[in-house]
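Dear colleague,

Here is the structure I promised to hand over. My notes on it follow below.

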Protein chains: 2
Amino acid sequence: MLFFLCNFYAVSYNRVMTNSAITSIGVDFGGTSIKMGVVRGTEILTTAPSIATQEYSSPTELIKAIAQFVNMLRIKHPEAQVIGMGMPGFVNFYNGTVYTLTNVPGWHNVDVKELLQKECELPVYIDNDANCMAYAEWKLGAGKGKKHLVCLTLGTGVGSGIIINNELLRGAACAAGELGQTSIDYRGRLGHYGNHGSLEDYIGNREIAADARTLYANNGIDRAIVDCNPIALEKAALAGDAIAAQVWDGLAQKLSCALMNCCYLLNPEAIIIGGGVAKAKSLLFNPLMEIMKNQLAAPLVENLEILPAKFGTEAGTLGAATLALHTHFGEN
Amino acid sequence: MLFFLCNFYAVSYNRVMTNSAITSIGVDFGGTSIKMGVVRGTEILTTAPSIATQEYSSPTELIKAIAQFVNMLRIKHPEAQVIGMGMPGFVNFYNGTVYTLTNVPGWHNVDVKELLQKECELPVYIDNDANCMAYAEWKLGAGKGKKHLVCLTLGTGVGSGIIINNELLRGAACAAGELGQTSIDYRGRLGHYGNHGSLEDYIGNREIAADARTLYANNGIDRAIVDCNPIALEKAALAGDAIAAQVWDGLAQKLSCALMNCCYLLNPEAIIIGGGVAKAKSLLFNPLMEIMKNQLAAPLVENLEILPAKFGTEAGTLGAATLALHTHFGEN
């Protein structure tokens, strides 16, 4: 009986997954704004207006606002099967609760899945936002077809998600995949959790800018803050500015340390890098690969690729929607 | 048909695994010596004399010597079903070849599984030695029943193996789980692969002793080399020697950095530590847990245990034998 049920299930699942009419709703819950859209495959068919995260006094109020927008999207897309939401913090994928959100006060032990399901009457799945991004790259993007992946986005912070053996790595309490918090210096800068030398405290956009300004100042050059964002530093380095080039070299050195730690521990096939800093391809990807070729044991580097992410800011919405759809129909 | 076959397979597997007459042979291939024994459950029933690894001119000759000893053990234990061998280097578990061994010259791309199977006419499974140790702790030792584990042994080097989702983590090229090569300082000591700040280059027994001697010398105290081994340093610290205590604090600080990196990436339930240094329980485990409580995000530390390994030097033989038996009968 079980055998036939499984077969039936597989057939109906395949029908769903290849049926181009099937959509799901992805919600990208950020510390500043919440975006959402109806997703089919790699396409975002419709989006709702952004919600200003901090303008709601309680999780319940904010979830009601999200539900209103979701239900609005469903008027045009009644075929949507499921809702997925990526959230910036420690999220328990299995029971659908948020443990805590990093930059959104008041979110502790909130039963998001239950609350949102009640408002929308659709199945809801939640996960960490970087896990959703990694899921999008793995299922639809630069990591398609790979079994072992490390995906990261570089921005204000470092978001990351890990795929192992064709499965998103969540760990014992759904708290795995925090590359930004791993240390590159045991006596280094004091970080968010009292830890030392966290990658994020060296290669976050603000930290890159501050370090660049210090380097310019040490060389007797004053630069306005605006000049030290990744785009300006890229332009300067490409135009022959030796100090800007030094900033990029330092960035590659620090990032490669954390990525090699991933390689020595996880032996991935590919590392996928997205976000603002990653747009400077020749200044980042080439030096990274060069360092890693010279500092990784042969079996780790021989088949390793470092790839730019396929998706930009849409990764969160795409990933959340896809993860929810696949999870609902029993796929990893 | 497949359904019935699967069922039959499961029944016969369970019969084998609960049948106390079933044994397997574990071979612990070290850089200096090779030990082996017949294993039933957690018990090594019989051992063979050690083989001096470096006295054989070629892999083929050494494999023949191993086979002779294995076949000798089988005279008394004809019920042995399978041979497992743990080896110190990059080993491809899936195809049974050794990519390279760290301290044994001449071992490159050796088809160990095929050669040993031919000599013994028994199924052979090989894996990295630290993976075998981790397997023993996971299946039979301190990590029994856990789904997410990091296991390490501290000695001349740092050996480690990782369990994720009830599976030994091997990665894309069976090269995962090399905690000893992960960096704790991106500008740190130059390591074996050209990498910087490898954990092993700070907390290997030799490095601990050298750093301790430096610390004593800086404080105007001359100590003989023999005084700076882990046992002597433990005795000294427990007797109130402030410099020895400082050595242990430094060790906990460096090791905790690498272990917290594992936690932030993998979110394990437990970290299991064995080997010489780990015998100094109060000097190592308490400070480690203290640091990690203060420097890990709450969801990562709330259910984390740091446990001493159950097994000592027998872990290699036990793990190799158990891994081979389980693999042969289709278990992770």
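At roughly what angle do the axes of helix H7 (residues 230-238) of chain A and H8(A) cross? They cross at roughly 120° and come within 7 Å. Axes here are lines fitted to C-alpha atoms, for helices over the stretch in contact, with angles from 0 to 180 degrees between N-to-C directions. H7(A) and H8(A) are therefore oblique to each other (under 35 degrees is roughly parallel, over 145 roughly antiparallel, 65 to 115 roughly perpendicular, the rest oblique).

First, the ground rules. This is a predicted model, where local features need pLDDT of at least 70, side-chain atom pairs count only at pLDDT 80 or more, and totals for chains, interfaces and linings use all residues. Residues are numbered from 1 along each chain as its sequence is written, chains are lettered from A and ligands numbered from 1 in the order written, and side-chain values use heavy atoms, without hydrogens and water. Helices (H or I, at least four residues) and strands (E, at least two) are DSSP runs, numbered from the N terminus.

Back to H7(A). It passes H8(A) in a left-handed crossing (near helix turned anticlockwise from the far one by less than a right angle; clockwise is right-handed). A:Pro230, A:Leu233, A:Glu234, A:Ala236 and A:Ala237 of H7(A) make the contact with A:Ala244, A:Ala245, A:Val247 and A:Trp248 of H8(A). Contact means heavy atoms within 4.5 Å. By class there are eight nonpolar, no polar and one charged (Ala, Val, Leu, Ile, Met, Phe, Trp, Tyr, Cys and Pro are nonpolar; Asp, Glu, Lys and Arg charged; the others, Gly among them, polar).

H8 (residues 242-266) of chain A also packs on H9 (residues 281-295) of chain A: the axes come within 9 Å and cross at roughly 50°. That makes H8(A) oblique to H9(A). The crossing is right-handed. The contact residues include A:Trp248 and A:Leu251 of H8(A) and A:Leu283 of H9(A). They divide into 14 nonpolar, three polar and no charged.

In chain B, the axes of H2 (residues 59-76) and H3 (residues 112-120) come within 9 Å and cross at roughly 45°. This crossing is right-handed too.

Last, the cavities. The whole structure holds three of 30 Å³ or more (a cavity is a set of points on a 1 Å grid over the protein atoms alone where a 1.4 Å probe fits but cannot get out; lining residues have an atom within 4 Å of a point). Strand S5 (residues 89-92) of chain A gives the largest share of its lining, three residues.

Best wishes

Terms used. 1 Å grid on protein atoms, 1.4 Å probe; cavity = no way out; pocket = protein on both sides within 12 Å on 5 of 7 lines; lining within 4 Å. Points joined across faces, edges and corners; volume = space filled by probe spheres on them.
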